[in-house]
Amino acid sequence: FDACIVAYSEKVGETRILSLNGKVQIIFFSFVSRVRWDSPYDALDDEWHAIENWIDAQSQTAPLGVDKGFFCSFDFWWYVTNGQMLSTAYGAAAIALSAAALVLFVSSRSLVLTLFATITIGYVLTSVTATLVGLGWTLGFLESICFAILIGVSVDFVIHFCHAYAK
């Protein structure tokens, strides 16, 4: 197989078959994906797992030497990044709420002020999230960056009001 396909690729100038010392190392083929790089995370996740599961199933029945197939696609460049942003969004909100509550309590020494400020910051984060969901938006790369900014601005805004009130 190797000698035949390497000779063919060299004869016709095929650049999608890569060999090393007469052994085929990579056979590249393209396919049309059902998603784009900017698709919602859930759609990318479903497509990624569908393709990955198919590759794994084919690899289990493939002959030795071609049983380690994998795929890559430009459509999934931001997939992992978006997944990480999504999984850390909740943690970032919790850290921001906890840190703001601690700073407010230490600086104002008022449990009531700390409680209301923490609820207000949580409400800002929840209301913006609910608005985006209501408008049909999904959490993508730019939305994740905007949420990181939102957390900082909401905490900063509320803490300055609390500071002014506590004086």
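1. Start with the cysteines. C4 is exposed, at a relative accessible area of 60%, where exposed means over 50%, buried under 20% and partly exposed in between (1.4 Å probe, protein chains only). C72 is exposed too, with a relative accessible area of 59%.

2. A word on what you're looking at. This is a predicted model, in which local features need pLDDT of at least 70 and side-chain atom pairs count only at pLDDT 80 or more, while totals for chains, interfaces and linings use all residues. Residues are numbered from 1 along each chain as its sequence is written, and side-chain values use heavy atoms, with hydrogens and water left out.

3. Now the salt bridges, of which the count gives four; the rule asks for a side-chain nitrogen of Lys or Arg within 4 Å of a carboxyl oxygen of Asp or Glu. One of them pairs D2 with K23, with 3.3 Å between the closest N and O atoms. This pair links distant parts of the chain, D2 being in helix α1 (residues 2-12) and K23 in strand β2, 21 residues apart. Helices (H or I, at least four residues) and strands (E, at least two) are DSSP runs, numbered from the N terminus. D2 is partly exposed at 22% relative accessibility, and K23 is partly exposed at 48%.

4. Another salt bridge brings E47 and R34 together, at 2.8 Å from N to O. Here too, distant parts of the chain are linked: E47 belongs to helix α2, R34 to the loop between β2 and α2, and 13 residues separate them.

5. For a look at the surface, find F1, I27, F29 and F31. They form a nonpolar patch with about 470 Å² of accessible area together. Patch members need over 30% relative accessible area and no salt bridge; nonpolar side chains (Val, Leu, Ile, Met, Phe, Trp, Tyr) are joined within 5 Å, like charges within 9 Å. The areas come from the Shrake-Rupley method with a 1.4 Å probe, and for residues only the protein chains shown count as cover. F29 sits in the loop between β2 (23-27) and α2 (41-61), and is exposed at 55%.

6. Helix α3 deserves a point of its own. Its 30 residues should span 44 Å at 1.5 Å a residue, and the end C-alpha atoms are 43 Å apart, so the two agree; the expected span is 1.5 Å times one less than the number of residues. Where does α3 bend? At T88, by about 35 degrees, the bend being the angle between axes fitted to the seven residues ending there and the seven starting there. The buried residues of α3 include Y79, A93, A96 and L104.

7. Two backbone spots are worth checking. Most residues other than glycine have a negative phi. N21, which is not a glycine, has a positive phi of about 55 degrees. N21 lies in the loop between β1 (17-20) and β2, and is exposed at 72% relative accessibility. R109 follows α3 and has a positive phi near 55 degrees. The loop that holds R109 runs between α3 (79-108) and α4 (111-134), and at 71% R109 is exposed.

8. Last, a couple of distances from α4. S127 is in this helix and is partly exposed, with a relative accessible area of 23%. From L113 to I27, 86 residues apart along the chain, the C-alpha separation is 64 Å.
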